[in-house]
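Have a look at it first, then go through the points in order.

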There are 2 protein chains.
Amino acid sequence: MSLGEFELIEQYFRRPAPRAVLGGGDDCALLAPAAGQQLAVSTDALVEGRHFLSTVPADRLGHKALAVNLSDLAACGAEPLAFTLSLSLPRVDEAWLAGFARGLLALADEHECDLVGGDTTAGPLVINITVFGQVPAGAALLRSGARPGDDIWISGRLGDARLALEAFRGAMSLDGRDFDAVRPALELPQPRVLLGQALRGVASSAIDVSDGLLGDLGHVLKASGVGAELDADAVPRGPVLARQPATLQRLCTLTGGDDYELLFTAPPALRAAVHQAELTAGTAVTRIGRIAAGPGLRLHDAQGRPVVHEAASFDHFR
Amino acid sequence: MSLGEFELIEQYFRRPAPRAVLGGGDDCALLAPAAGQQLAVSTDALVEGRHFLSTVPADRLGHKALAVNLSDLAACGAEPLAFTLSLSLPRVDEAWLAGFARGLLALADEHECDLVGGDTTAGPLVINITVFGQVPAGAALLRSGARPGDDIWISGRLGDARLALEAFRGAMSLDGRDFDAVRPALELPQPRVLLGQALRGVASSAIDVSDGLLGDLGHVLKASGVGAELDADAVPRGPVLARQPATLQRLCTLTGGDDYELLFTAPPALRAAVHQAELTAGTAVTRIGRIAAGPGLRLHDAQGRPVVHEAASFDHFR
């Protein structure tokens with residue numbers, strides 16, 4: 001790539017940043033959280049062949065690269081403010097860049113999150129985003145707040161992203177209509193930003209499900225020093241997944257990964273407040289278990305029979 | 001890599017983050033700039049083969065990855081607070097990781113900059129850092145403030161990093177002692193963080209020299225809507241470079257790149273204040289030219305004769 005091509009790339013991402021004091025184009029961007037607010041920061045990289053297939057349409061990749069980062073803000077109950085983009089590209093492909101920017105910036109606009117800086121270089125295809133949000137001081141949802149007796153809740157449905165991935169990989173087959181129904185879960189995840197904010201003051205802990213339900217619940221249990229009982233059959237799933245063999249349903253819902261739903265806990269006394277947050281955010285939530293005082297995670301089915309499941313969650317190093 | 005190896009990697013970077021409200025280990029880190037301060041943010045990626053040679057010692061690479069980001073904070077006059085690290089690694093090499101972490105965290109400690117989060121993945125060797133600093137509201141040094149008549153200043157010396165790179169590439173040869181003298185400029189750049197802060201209220205504009213003096217001065221001229229006259233012979237250089245042929249000296253000092261010195265402007269009435277900042281920071285500064293009202297950059301030598309030079313600065317896409 002030449003310097004001219006470098007500037008060409010930047011043009012796809014140049015736009016006003018009304019929520020920043022100073023947007024891109026200087027050595028730093030300047031952000032000013034509102035009075036009484038703390039800044040929430042998260043960073044996630046997507047590497048070709050590890051986090052996405054080379055066949056994914058560019059606009060969907062742009063969407064997903066920001067979505068997985070916004071999902072971390074959602075899990076903290078933070079309101080999106082801005083993000084930086086660091087892009088390593090093997091070549092300049094204007095159609096690809098236009099598509100990538102379109103998908104990325106459409107989601108950014110939807111969540112009023114300004115692109116305030118970045119870095120572009122020639123190299124293997126790696127997309128790194130760092131996202132900034134604000135949250136009232138002391139109000140962030142943490143992994144460490146789950147208490148014995150709390151309900152365990154999950155937003156949306158789990159497992160479709162993994163089902164789509166297995167179909168892409170050829171590990172199983174889905175007919176065209178079913179594939180079309182689950183593919184958006186993998187390629188166009190919707191970060192639960194409004195739900196996270198609505199759960200401030202309600203949820204005792206929260207995390208987003210990126211590595212699989214059991215693995216991410218394990219992070220909450222470890223950080224909170226508690227255990228849990230989970231009803232494996234209560235985990236919500238879509239109609240396509242519900243028609244698959246039981247073992248595949250368990251694999252996808254419990255350890256699927258790439259779901260970007262919110263897993264959270266709340267005291268039973270706050271169930272009405274949880275349902276109010278559900279209405280405010282327009283995202284369905286389902287109660288799937290209970291936090292226990294003793295350590296460990298016990299799975300049972302709808303009839304209360306123990307479920308044995310290897311807790312091997314999605315691993316980016318497979 | 002397995003999940004176990006992933007956790008192993010994280011151990012090298014796990015440590016307290018006293019300057020953050022919440023450090024790593026949750027979905028987001030939480031930062032709270034002090035009252036009246038804005039948050040300065042910058043991001044830079046280093047890709048193997050583009051920004052560093054595969055032969056560079058790991059501790060020096062760790063140092064440089066953070067140094068180039070701190071240099072952006074310096075150019076804004078911001079005080080470092082925290083950073084996130086996103087690391088894509090082709091394999092788990094404990095000796096390499098230990099060295100990388102040692103170099104990275106030593107520089108972080110020196111500048112009291114906390115590692116507050118990150119992301120590790122298998123993939124090509126790419127290091128992405130996003131750095132956060134704070135600066136009093138309205139006091140950030142910008143590229144856009146240069147005014148006609150302002151002096152143009154540069155910190156330290158330019159060109160040694162490029163000279164070392166050319167020797168590494170075999171484009172020229174240096175004897176062992178000379179090579180040892182210039183190699184730290186390439187591998188262990190010292191971000192001018194204290195100087196940047198000392199120049200708040202003194203410098204009218206600033207930028208760090210990462211792409212080469214002429215290219216980076218060009219950014220200031222464009223952002224400020226001004227031109228400049230520069231004395232090419234006044235640009236400070238070290239004794240090894242000063243013994244090289246004149247054309248090589250010009251190449252290295254004017255368009256070398258990777259210098260991470262501060263290029264700044266200030267009104268002549270503030271020369272004493274500039275020298276006070278020099279003393280405060282312990283970093284020498286040299287006056288090398290003057291901002292002009294008319295557009296364009298005119299180079300002359302010590303005798304005032306015009307110098308013709310291709311303004312092709314360091315390009316990460318070569």
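1. Which residue in β9(A) is the bridge partner of Ile207(A)? Leu263(A) is. Bear in mind as you read on that this is a predicted model. A second bridge to find is the one from Ser205(A), whose partner in β9(A) is Thr265(A). Overall, strand β7 (residues 205-208) of chain A and strand β9 (residues 262-266) of chain A pair in the antiparallel sense, over 4 bridges. As background, strands of a sheet pair through backbone hydrogen bonds, either parallel or antiparallel.

2. Now zoom out to the sheet. In chain A you have an open sheet of 6 strands with mixed pairing, and the order reads β7-β9-β6-β10-β8-β11. The edges are taken by β7 and β11 (297-300) of chain A; each has a single partner strand, so one side of each is left without a neighbour in the sheet. On average, neighbouring strands of this sheet are turned by 25° against each other, direction ignored.

3. Next, the helices on that sheet. Helix α2 (residues 58-76) of chain A packs on the sheet and touches β7 and β9 of chain A. The direction of α2 makes about 175° with that of β7(A). Helix α10 (residues 271-281) of chain A lies across β6 (151-155), β9 and β10 (285-292) of chain A, and α10 runs at about 10° to β6(A).

4. Is strand β7 of chain A covered on both faces or on one? Both faces are covered. Ser205(A) and Ile207(A) are buried on one side, while Ala206(A) and Asp208(A) are buried on the other.

5. A helix pair to pick out is α4 (residues 160-169) and α5 (residues 176-187) of chain A, which pack at an angle of about 110° with their axes 7 Å apart. α4(A) and α5(A) are therefore roughly perpendicular to each other. On the α4(A) side the contact residues include Leu163(A), Leu165(A) and Phe168(A); on the α5(A) side they include Phe179(A), Val182(A) and Leu186(A).

6. Over in chain B, look at helix α9 (residues 246-255). Its buried residues are Leu248(B), Gln249(B), Cys252(B), Thr253(B), Leu254(B) and Thr255(B). Among them, Cys252(B) has a relative accessibility of 0%, so Cys252(B) counts as buried. The cover over the buried residues of α9(B) includes α4 (160-169), α7 (213-224), α8 (239-242) and β11 (297-300) of chain B. Just after α9(B), Gly257(B) takes a positive phi of about 85°.

7. Which residue other than glycine has a positive phi in chain A? Asp258(A) does, with phi near 65°. Asp258(A) is in the loop between α9 (246-255) and β9 of chain A, and at 9% relative accessibility Asp258(A) counts as buried. In chain B, Asp258(B) has a positive phi of about 65° although it is not a glycine, and Asp258(B) is found in the loop between α9 and β9 (261-266) of chain B. Asp258(B) counts as buried too, at 9% relative accessibility. For context, most residues other than glycine have a negative phi.

8. Asp151(B) is worth a click. Asp151(B) is in strand β6 (residues 151-155) of chain B and is buried, with a relative accessible area of 2%. Leaving aside neighbours within four places in sequence, Asp151(B) is in contact with residues including Phe264(B), Thr265(B), Arg271(B) and Arg287(B). Asp151(B) and Ser204(B) are 53 residues apart in sequence, and 9.6 Å apart in space, C-alpha to C-alpha.

9. On cysteines: how many disulfides are there over all chains? The count comes to 0. Take Cys113(B), where the nearest cysteine sulfur, that of Cys28(A), is 11 Å away; a disulfide would need the two sulfur atoms within 2.5 Å. Cys113(B) is buried, with a relative accessible area of 2%.

Technical notes:
Residues numbered from 1 in each chain as written. Chains lettered and ligands numbered in written order. Predicted model: local features only at pLDDT ≥ 70, side-chain atom pairs only at ≥ 80, totals over all residues. Heavy atoms only, no water. Buried < 20%, exposed > 50% of the residue type's maximum accessible area, 1.4 Å probe, protein only. Helix = DSSP H or I, 4+ residues; strand = E, 2+ residues; numbered from the N terminus. Pairing = 2+ DSSP bridges. Axes fitted to C-alpha atoms, helices over the stretch in contact; angles between N-to-C directions. Contact = heavy atoms within 4.5 Å. Parallel < 35°, antiparallel > 145°, perpendicular 65-115°, else oblique.
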